[in-house]
Structure formats: C-alpha cells, structure tokens
Amino acid sequence: MIEFYPQIKSIHVWLVMASGSLFLLRGLLVLAGQSWGNHAALKYLSYTIDTALLTAAFMLMTMLHMYPISHDWLTLKVLLLVVYVVLGVQALRRSRTRAARLGWFIAAVATYLVMFGIARAHHPLGWLRWWGWV
C-alpha cells in the first residue's frame, strides 16, 4: 500500500484545504447573518469532506506507522483537531450573539492555522520552528 503514499498524501492535503475553505465560507456566511451558511447541503458537504479527510489521515498513519502517541507533533495536532471541532460548532451553531460567534470563529481559524503549521513543520511549535524560534 505504500506505493499509493504520494496520491493519498495529495488527496489528504487537498481535503485539508477544502475543509478549511468550506469552514471559512460557512463562518463568514453565518457572521453575515445568512441562514444558508448552515444549509443542509453545506453541512453534508462538510461532513463528507471531513470523513474523507480523516480516512486519508488514518491511511497515512497506517502506511507510515506514525501514531499520535509516538510523535509529539502528531499528538498535538490530533488534540487541536478536537479543539477546532468544538470551536467550530460554537461558531456555526451554538452561539447566540454575533460577537460570540465572531470570537469562536476567530479562535477556530487560529486553531486551524496552528494545526496546519504543525503539520507542515512536523514539529509541535509549527510555524515558530520555521521562523527560526527553535
């Protein structure tokens, strides 16, 4: 199965970008007061992308024998994924005021960017490592 690594990694990266872009779109729509930001079609598209994303992630972990417990950067990324999901749910569905939705949304986008930096650097400090802080 390792022979499919380049294709699965490309799909994974594409799905990360698609998932983040869709969340950004939905969040901006909700913040603008557009009810279709939470339309069923967008929600199901998000579920589909995220399911495929996690499937590709599990395939990569299995192929490379890289598991969260054995790699600190991967452990942090998985933990931040849970935080990102909770923040996203608060931003898109749970918060009652626009100010609260905005705060949760900004926190979710920041968490997404931190996870992205950790994934790119393969280091728990993510972007900070690339900027020479480590």
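Is Phe23 buried or exposed? Select Phe23: its relative accessibility is 10%, so Phe23 counts as buried. Buried stands for under 20% relative accessible area, exposed for over 50% and partly exposed for what lies in between, with a 1.4 Å probe and protein chains only.

This is a predicted model, in which local features need pLDDT of at least 70 and side-chain atom pairs count only at pLDDT 80 or more, while totals for chains, interfaces and linings use all residues. Residues are numbered from 1 along each chain as its sequence is written, and side-chain values use heavy atoms, with hydrogens and water left out.

**The whole chain**

Zoom out to the chain. It has five helices and zero strands; helices (H or I, at least four residues) and strands (E, at least two) are DSSP runs numbered from the N terminus. Along the principal axes, the C-alpha atoms fill a box of roughly 45 × 35 × 25 Å. Of the 134 residues in the chain, 33% are buried.

**The aromatic pairs**

A search of the whole structure gives five aromatic pairs. Rings of Phe, Tyr and Trp (its six-membered ring) pair if their centres lie within 6.5 Å; planes under 30 degrees apart are stacked, over 60 edge-to-face and the rest tilted. Phe23 sits in helix α1 (residues 5-31) and Tyr84 in helix α3 (residues 72-94), so the pair links distant parts of the chain, 61 residues apart. Tyr84 has 11% relative accessibility and therefore counts as buried.

**The nonpolar patch**

Next, select Leu54, Phe58, Leu81 and Val85, which make a nonpolar surface patch of about 340 Å². Patches take residues with over 30% relative accessible area and no salt bridge, joining like charges within 9 Å and nonpolar side chains (Val, Leu, Ile, Met, Phe, Trp, Tyr) within 5 Å. A salt bridge is a side-chain nitrogen of Lys or Arg within 4 Å of a carboxyl oxygen of Asp or Glu. Areas come from the Shrake-Rupley method with a 1.4 Å probe. Leu54 lies in helix α2 and, at 39% relative accessibility, counts as partly exposed.

**The largest pocket**

Finally, select His12, Val16, Leu53, Lys77 and Leu81, the closest to the centre of the largest pocket among its 39 lining residues. The largest pocket holds about 1,200 Å³ of space. On a 1 Å grid over the protein atoms alone, a pocket is an open set of points where a 1.4 Å probe fits, with protein on both sides within 12 Å along at least five of seven lines; lining residues have an atom within 4 Å of a point.

Conventions. Points joined across faces, edges and corners; volume = space filled by probe spheres on them.
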